[in-house]
Amino acid sequence: VGSGVTILAASILLGFADPDFGFTGASVRLVLAMIAAVVVINVGISLVVMKVAKRAFDVSAVLQPMPAALAIVGISVLVSRLAGISPGFLFGIVLGVAYARELKLRDEARLGILTVGLTIAAGLLAWIGYGVASATIAGQGFVNNLLIEALAAVTLEALGTLVVALLPIEFLDGRTIFRWSKPAWLGLYAVTALIFVFVVVPLSDNWGKMSAPVFGWGTLFAVFAAVAIITWAVFRRRARVSPYGVRPSGVRPSSREDAAPPQRSRR
């Protein structure tokens, strides 16, 4: 129930990225498209990763709603509107995966890389489907237009979300991958950035009446950079305090294969 409510709330928030969003049939269609995109990214990919984790590492996992992530969703929509950017850089991760026991950093990083790879694949497949559907069934009724918008939403959600999800801050996959291997993290982020520039930006420019000026993109990235730094600082401060007292700031795990905290959310 919590996951369903969180997904619905995120989808409605994402709908407000459209300046014409309101009580109209087109807005209802947009919300349905956003629900499809959020479910694909949060539930579909997570279930695959959970199955791999069970087979490869014999660890059970459950989906866990992350209602606090709705704040980041709201920020992405607000900045998109204020900076004059069409819906092309939207954060839609509102569910996490909580593992039943601790995993080694290497194993958790591999699951994170798998998640990133599946997300990129889903985004690219949806992008291809969007191109085909736009050329063949555009304007042919509610259902066909819903399919086109859903494919566009999956593309934007998958490939746009990764720009934030790979940031090396505490509660995202980027943090685990960064801790395990900085070259691997850098390579993944470079690939994601290239895909974002060549796929998401052109697609967002063709969605609706809004545009994506250079100033707008710069403003958006600056705001998210500030949010990332503040969030990192807060989590770093909290990480120094253990249940048994204060951990000295100079103490670090003795091995790169240290275990991740139990019940940690993947995203």
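This briefing covers the fold, confidence, strand pairing, salt bridges and surface of one protein model. The model is predicted. The protein has 267 residues, and 46% of them count as buried. Its secondary structure comes to 8 helices and 4 strands. Mean pLDDT is 77, with 72% of residues at 70 or more.

**Overall architecture**

- From the N terminus, the elements run α-α-β-α-β-α-α-α-α-α-β-β.
- Among contacts with a separation of 6 or more, 79% link residues 24 or more positions apart.
- The accessible surface comes to about 12900 Å². Carbon and sulfur atoms hold 70% of that surface.

**Confidence**

- Helix α2, residues 25–57, has the highest mean pLDDT among the elements, at 92.
- Strand β4, residues 245–246, has the lowest, at 40.
- Over residues 242–267 the pLDDT is below 50. The model still gives this stretch 65 contacts beyond near neighbours in sequence.
- Residues 206–215 also stay under 50. For them the model has 26 contacts beyond four places in sequence.

**The β1–β2 pair**

- Strands β1 and β2 run antiparallel and are joined by 5 bridges.
- Leucine 63 stands opposite valine 97 of β2.
- In β2, Leu95, Val97 and Tyr99 point one way. Gly96 and Ala98 point the other way. Residues on both sides are buried.

**Salt bridges**

- Side chains of opposite charge can pair when their charged atoms come close.
- The count of salt bridges comes to 3.
- Arginine 29 and glutamate 149 meet at 3.2 Å, N to O. Arginine 29 lies in helix α2 and glutamate 149 in helix α5, so this pair ties together parts 120 residues apart in sequence. Both residues are buried.
- Lysine 54 and aspartate 58 meet at 3.6 Å, N to O. Lysine 54 counts as partly exposed because its relative accessibility is 40%. Aspartate 58 is exposed, with a relative accessible area of 55%.
- Arginine 106 and aspartate 107 meet at 3.6 Å, N to O. Aspartate 107 is buried, with a relative accessible area of 10%. Arginine 106 is partly exposed, at 29%.

**Backbone detail at aspartate 58**

- Aspartate 58 sits in the loop between α2 and β1, which spans residues 61–65 in the case of β1.
- Most residues other than glycine have a negative phi.
- Aspartate 58 is not a glycine, yet its phi is positive, at about 55°.
- The side chain of aspartate 58 also takes part in the salt bridge with lysine 54.

**Nonpolar surface patch**

- Val28, Leu32, Phe142 and Val143 form a nonpolar patch on the surface. Together they have about 360 Å² of accessible area.
- Helices α2 and α5 each supply at least two residues of the patch. Helix α5 spans residues 142–165.
- Valine 28 lies in helix α2. Its relative accessibility is 48%, so valine 28 counts as partly exposed.

How values were computed
Residues are numbered from 1 along each chain as its sequence is written. This is a predicted model: local features need pLDDT of at least 70, side-chain atom pairs count only at pLDDT 80 or more; totals for chains, interfaces and linings use all residues. Side-chain values use heavy atoms; hydrogens and water are left out. Buried means under 20% relative accessible area, exposed over 50%, partly exposed in between (1.4 Å probe, protein chains only). Contact means heavy atoms within 4.5 Å. Accessible areas come from the Shrake-Rupley method with a 1.4 Å probe; for residues, only the protein chains shown count as cover. pLDDT is the predictor's confidence in each residue, from 0 to 100. Patches are made of residues with over 30% relative accessible area and no salt bridge: like charges are joined within 9 Å, nonpolar side chains (Val, Leu, Ile, Met, Phe, Trp, Tyr) within 5 Å. A salt bridge is a side-chain nitrogen of Lys or Arg within 4 Å of a carboxyl oxygen of Asp or Glu. Two strands pair if DSSP finds at least two bridges between them.
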